[in-house]
Amino acid sequence: LEKNKVNLKQVMTLLVNHDQPRNECKTILRNRVCENILKKQSIVALVEQQSFRLNKSEIKNIGPLSDFVILYEKAVREGDTMDQKIIDIAVSVGKTIGMSIAPSGKKGKGDLFRLRKTRKPEDFLNEINRIQMKYGTKVSADLYNQGQKMEENFTEFKQFCMIAALNTYNAGNPAPVDAGGKTKAEATS
């Protein structure tokens with residue numbers, strides 16, 4: 001993580017749920033992530049939930065969180081080349097979708113949420129095809145060539161894809177700033 005210049009302070013700050021009314025409830029998710037890290041377990045499901053929770057009402061930069069989860073999961077699964085390849089394909093597909101949807105603004109964010117709600121691999125692929133037709137996107141053929149492996153790891157594949165898509169979408173739609181140069185979130189904190 002240090003070699004790749006991942007800022008752990010930013011990551012841990014993004015894992016705090018500021019919508020919780022009581023202080024002790026704000027860090028429950030962060031504690032679960034840290035517990036899973038200490039046990040060398042997957043954190044992608046927790047991070048995917050938090051990524052979309054952070055971006056429910058406004059656009060927030062989740063880049064450090066996205067980088068962290070991808071590097072962490074690759075390190076935990078080191079030696080299992082299949083998982084490495086599937087993670088790379090999922091991130092590639094997610095980035096492609098995020099880049100194509102970003103120019104459409106809020107309408108595109110709805111398409112991201114629709115893709116996230118799919119429950120079966122067939123529905124996921126159908127939704128990707130719909131996005132390709134709607135936005136003129138060209139998704140990597142690896143998604144279709146590795147179909148069996150994608151189906152075997154569908155939940156994690158979709159989670160990696162959605163984190164990468166949301167991160168890329170947010171990069172293409174920067175948060176609005178006020179006259180002082182601060183985002184809405186920075187002005188309120």
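**Exercise 1.** Find which side chain makes a polar contact with the side chain of Glu48, and state whether Glu48 is buried or exposed.

*Solution.* Step 1: the side chain of Glu48 makes a polar contact with that of Arg116, at 2.8 Å. A polar contact is a pair of N or O atoms within 3.5 Å; within protein, one must be able to donate a hydrogen and the other to accept it, and residues adjacent in sequence count only if both atoms are side-chain atoms. This is a predicted model, in which local features need pLDDT of at least 70 and side-chain atom pairs pLDDT 80 or more, while totals for chains, interfaces and linings use all residues. Residues are numbered from 1 along each chain as its sequence is written, and side-chain values use heavy atoms, without hydrogens and water.

Step 2: Glu48 belongs to helix α4, residues 44-54. Helices are DSSP runs of H or I with at least four residues, strands runs of E with at least two, numbered from the N terminus.

Step 3: Glu48 counts as buried because its relative accessibility is 7%, where buried means under 20% relative accessible area, exposed over 50%, and partly exposed in between (1.4 Å probe, protein chains only).

**Exercise 2.** Place Glu152 in the chain and classify its exposure.

*Solution.* Step 1: Glu152 is found in helix α10. Step 2: its relative accessible area is 56%, so Glu152 is exposed.

**Exercise 3.** Describe the chain as a whole.

*Solution.* Step 1: count the elements, which gives 12 helices and zero strands. Step 2: take the burial, where 45% of the 189 residues count as buried.
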